[in-house]
Amino acid sequence: MPAKYLGAHIPTGKGLADALREGKKIGCTAVQVFTTSPRQWKSIFPTEDKIRAFKASKAETGLTHLVSHDTYLVNLCAVDEEVAQKSADTLRDELVRSAAYGIPYVVSHMGALNGQPLEVGLLRVAEKTMEILEETPEDVTLCMETTAGQGSAINSRFEELAMLLELCKAHSRLAICLDTCHIFVAGYDIQTPETYEATIQRFDSIVGLDRLKVIHLNDSKKGLGSHVDRHDNIGKGMLGTEPFQLVVNDKRLEDMAMVLETPTENDGHEKDIKLLRSLFSS
């Protein structure tokens, strides 16, 4: 069966409740949002009115596969302990806020090494992650996103994700978000049925498909192994349409939230959703 929960990251300029309605309008069955500004530390816990409005919109639209993305500032393995703690506080607040809204998944890039040895950085991340998970509600899951490996960002390799899961004692509320653009530019080929299957099997053997909860569907402006994180609209970039046809028809992934983070100009998300649905196998 093709993907059941397909959607996009929807802007929240008119509020979170309206973002769900806009997502539904363009054909989303899954929606990702920012619950606060992604480029500043400070955030305010939502009022009861905002929470009620969001939950009413959720009931109205019937959308259940919802995702929030944390601020881009978070770096749990920052060498500066003040920044590391601020990052942990910010990510913890995101999980608490998402739980209040009834958003079950929070996606995070987790951090960058900035000159540290990998093992040291991952230990720092794991320590902060365990603290966050112990201090946040049980009904929200933290999803570590696969990265492009740009700069010193962690989690561009499946082995790093597996190490963090092990260091966090396979915590039940720690999962993975796989980004198609990111894994491609990190060096994982998914362009043909053969290479796609090899990559998925490699992920399963190293990390485990049971840990995969969210998928970001993005084409890439740059090539395989380039480590440059630049998204493109579906079929317009270096990946083309075939990898996306494979993803949306993969029975192993049919229950996962799949969301676009592609350019929005000229109704980009609506066109991309229609294109993805056209790739469904009958």
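Q: Under what relative accessible area does a residue count as buried, and is Pro2 buried or exposed?
A: In this predicted model, buried means under 20% relative accessible area, and exposed means over 50%. Pro2 is found in the segment before β1. Its relative accessibility is 18%, so Pro2 counts as buried.

Q: Which residues are in contact with Pro2, leaving aside its neighbours within four places in sequence?
A: Pro2 lies 277 residues along the chain from Leu279, and the C-alpha atoms of the two are separated by 9.1 Å. Beyond the neighbours within four places in sequence, the contacts of Pro2 are Val248, Asn249, Glu254, Phe280 and Ser281.

Q: Which strands make up the closed barrel?
A: The barrel has eight strands, with parallel pairing. From one strand to the next the twist averages 30 degrees. The order of the strands is β1-β2-β3-β4-β5-β6-β7-β10.

Q: Which residue of β5 is the bridge partner of Val107?
A: Strands of a sheet pair through backbone hydrogen bonds, either parallel or antiparallel. Strand β4 (residues 105-108) pairs with strand β5 (residues 141-145) in the parallel sense, over four bridges. On the β3 side, strand β3 (residues 65-69) runs parallel to β4 and is joined to it by three bridges, with His69 opposite Val107. In β5, the partner of Val107 is Cys143.

Q: Are the residues on the two faces of β4 buried or exposed?
A: In a regular strand the side chains alternate between the two faces of the sheet. In β4, Tyr105 and Val107 lie on one side, and Val106 and Ser108 lie on the other. Both faces are covered, and these four residues are all buried.

Q: Which helix makes a right-handed β-α-β unit with β4 and β5?
A: Strand β4 takes part in a right-handed β-α-β unit with β3 and helix α3 (residues 81-101). Another right-handed unit contains β4 and β5. The helix in that unit with β5 is α4 (residues 118-134).

Q: At what angle do α3 and α4 pack?
A: Two packed helices are described by the angle between their axes and the distance between the axes. Here α3 passes α4 in a right-handed crossing. The contact is made by Glu81, Ala84, Gln85, Ala88, Leu91, Arg92 and Leu95 of α3, together with Arg124, Lys128, Ile132 and Leu133 of α4. The axes are 10 Å apart, and the angle is about 35 degrees.

Q: How many of the residues of strand β6 are buried?
A: Strand β6 spans residues 174-179 and is mostly covered. On one side are Leu174, Ile176 and Leu178, and on the other are Ala175, Cys177 and Asp179. Both of these faces are covered, and the count of buried residues is six of six.

Q: Which residue of β7 is the bridge partner of Asp179?
A: Strand β6 pairs with β5 in the parallel sense over four bridges, and there Leu174 is the partner of Leu142. Strand β6 also pairs with strand β7 (residues 212-217), again parallel and over four bridges. The β7 partner of Asp179 is His216.

Q: Which residue of β10 stands opposite Ile215?
A: Strand β7 and strand β10 (residues 257-260) pair in the parallel sense, over four bridges. The residue of β10 opposite Ile215 is Met258.

Q: Which strands does helix α9 touch?
A: Helix α9 (residues 268-278) packs on the sheet. Its direction makes about 160 degrees with that of β1. The strands touched by α9 are β1, β7 and β10.

Q: Why is the pair of Phe158 and Phe203 edge-to-face?
A: There are four aromatic pairs in the model. For Phe158 and Phe203, the ring centres are 5.2 Å apart, and planes over 60 degrees apart count as edge-to-face. The planes of these two rings are at 90 degrees, so the pair is edge-to-face.

Key. Residues numbered from 1 in each chain as written. Predicted model: local features only at pLDDT ≥ 70, side-chain atom pairs only at ≥ 80, totals over all residues. Heavy atoms only, no water. Buried < 20%, exposed > 50% of the residue type's maximum accessible area, 1.4 Å probe, protein only. Pairing = 2+ DSSP bridges. Right-handed = clockwise from strand over helix to strand, strands pointing away. Phe/Tyr/Trp six-rings, centres within 6.5 Å; stacked < 30°, edge-to-face > 60°. Axes fitted to C-alpha atoms, helices over the stretch in contact; angles between N-to-C directions. Left-handed = near helix turned anticlockwise from the far one by under 90°. Contact = heavy atoms within 4.5 Å.
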